[in-house]
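Subject: Two-chain model, with notes

Hello,

The structure we spoke about is below, and my notes follow it. Please read them with the model open.

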Amino acid sequence: MLNVGAITEGFVLDHIQAGQSLPLYYDLKLDQLDCCVAIIRNARSNKMGKKDILKVECDIDNLDLDVLGFIDHNITVNIIKGEKIVEKRKLRLPQEIKNVIRCKNPRCITSIEQELDQIFLLTDEKTETYRCKYCEEKYQGRKRVG
Amino acid sequence: MRHLMSPLDLSIEELDKLLTLANDIEKNPEKYSHACEGKKLATCFYEPSTRTRLSFEAAMLNLGGSVLGFSSADSSSAAKGESVSDTIRVISCYADICAMRHPKEGAPLVASQRSGIPVINAGDGGHQHPTQTLTDLLTIRSLKGRLDNLTIGLCGDLKFGRTVHSLIHALIRYPKIKFILISPEELRIPDYIREDVLSRNGVPFQEVERLEDAMADLDILYMTRVQKERFFNEDDYVRMKDFYILDKKKMSLARDDMIVMHPLPRVNEISVEVDDDPRAAYFKQAQYGVYVRMALILTLLEVEVC
């Protein structure tokens, strides 16, 4: 068992699907932060069999929880202070996501109108369906930023 | 300030009020003939549409108002690359209300976010055409006396026809609505309407291929045109375009109080011999389109007529 030291102050993203920590690292723009990040892949998990974990030594305010909730709202967010978990933040599917994903409908106004925000609205929580605010096209892609 | 982007923007109560106003306009046109004096309607049509544009213009002229606008993107500043957001900001300085048709889906919504005047979606690509739905609802309520307890046959292109999709969305809000979906296999209603809209809301429906099998059960037959522009393959279009032709023989299978509707233009799907049948309601439907647009303009401009 590999040991990664505890962080003093920051947050830990637990229960990431195995293999998804690196894409998540970029989606959350953690590569742009000047702080210590540990990426743990394929850790043993009773619940998931295998899981990934991200340990980030910076303030939780640097994390866009809406983007994280959109990508995978089953991820656990543990906020660490003084090497202890002080809060577990529950993720939810955001009602609206802005400039995270793009509408792929070529007939949508977002394909030609300059500087228009790409806005998607949660239209069905059960099926986790997001639709473009403008053309109502269902987002079919993977839940990844881009 | 309110806009109209989708027929579902209006609650059932608001819709009822609007349709009642449209019926009053029909009965007392004189009462409303000066209601919008001094007001201007801008018709911003980025793609050609004779019927809808003229219906809007007729509506505003009937109310004593005036109209200005353009009827294709070539004759507007869009040809110079101006955005919809900028265009509507300028139009807001010239007119009191705007009806916008645009080939891009969601363009009228973008306009409404930047507009200083009410914007009416007059059709945005294959997305929404709310004033057609309001026209259909007014026609049904006026000729059948109700919007509930109806069996509606939707016939033809149920796959691409936004008119029938919008009508389904609007009618399932009323009790005891049943649909008979009449189409060839290739043009059946999309899964998301069948499952997410009809099944999920417990709305009874059946799908048939032969028009003759449905005729006797219908209160309303809503015919649609198979649109050439929706097909990639000419052969498929040729095979589908004359799949349904409503004629006197098929009309003989229908009830005496059934009505036939069509958003127009028709091509071959309704034989001209049906036009003289008292159950043919499609030209009345075009007239109701003017009344409902008059009612909509009055409502969005908050003009009260005593």
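Two residues are taken to be in contact if their C-beta atoms, placed from the backbone, lie within 7 Å. By that rule, among contacts in chain A between residues at least 6 apart in sequence, 58% join residues at least 24 apart.

On conventions: the model is predicted, so local features need pLDDT of at least 70 and side-chain atom pairs count only at pLDDT 80 or more, while totals for chains, interfaces and linings use all residues. Residues are numbered from 1 along each chain as its sequence is written, and chains are lettered from A and ligands numbered from 1 in the order in which they are written.

Chain A

Helices (H or I, at least four residues) and strands (E, at least two) are DSSP runs, numbered from the N terminus. Chain A has two helices and eight strands, in the sequence pattern β-α-β-β-α-β-β-β-β-β. Its C-alpha trace spans about 50 × 30 × 25 Å along the principal axes.

A residue is called buried if 20 or more other C-beta atoms lie within 10 Å of its own, exposed if 12 or fewer, and partly exposed in between, again with C-beta atoms placed from the backbone. Of the 146 residues of chain A, 26% count as buried. Arg102(A) sits in the loop between β6 (96-98) and β7 (119-124) of chain A. Arg102(A) has 16 other C-beta atoms within 10 Å and is therefore partly exposed. Its C-alpha atom is separated by 8.6 Å from that of Phe120(A), 18 residues apart along the chain.

Where the chains meet

In the interface, 12 residues of chain B are in contact with 11 residues of chain A. On the chain B side, α3 (84-94) and α4 (107-114) each supply at least two residues, and α4(B) gives the largest share, three residues. That side divides into four nonpolar, six polar and two charged residues. Here Ala, Val, Leu, Ile, Met, Phe, Trp, Tyr, Cys and Pro count as nonpolar, Asp, Glu, Lys and Arg as charged, and the others, Gly among them, as polar.

Strands pair if DSSP finds at least two bridges between them. Four strands of chain B form an open parallel sheet in the order β2-β1-β3-β4. β2 (66-70) and β4 (119-124) of chain B are the edges; each has a single partner strand, so one side of each lacks a neighbour in the sheet. The twist from one strand to the next averages 15°. Strand β1 (residues 40-45) of chain B pairs with β2(B) over five bridges, and Thr43(B) stands opposite Gly69(B) in β2(B).

Helix α2 (residues 50-62) of chain B lies across β1, β2, β3 (97-102) and β4 of chain B, at about 175° to β1(B). Axes are lines fitted to C-alpha atoms, for helices over the stretch in contact, and angles run from 0 to 180 degrees between N-to-C directions. The buried residues of α2(B) include Phe56(B), Ala59(B) and Met60(B). Their cover includes β1, β2, β3, β4 and α10 of chain B. Just after the helix, Gly64(B) has a positive phi of about 85°.

Ile297(B)

Leaving aside neighbours within four places in sequence, Ile297(B) is in contact with Cys36(B), Leu41(B), Ala59(B), Met60(B), Leu63(B) and Ile97(B).

Regards
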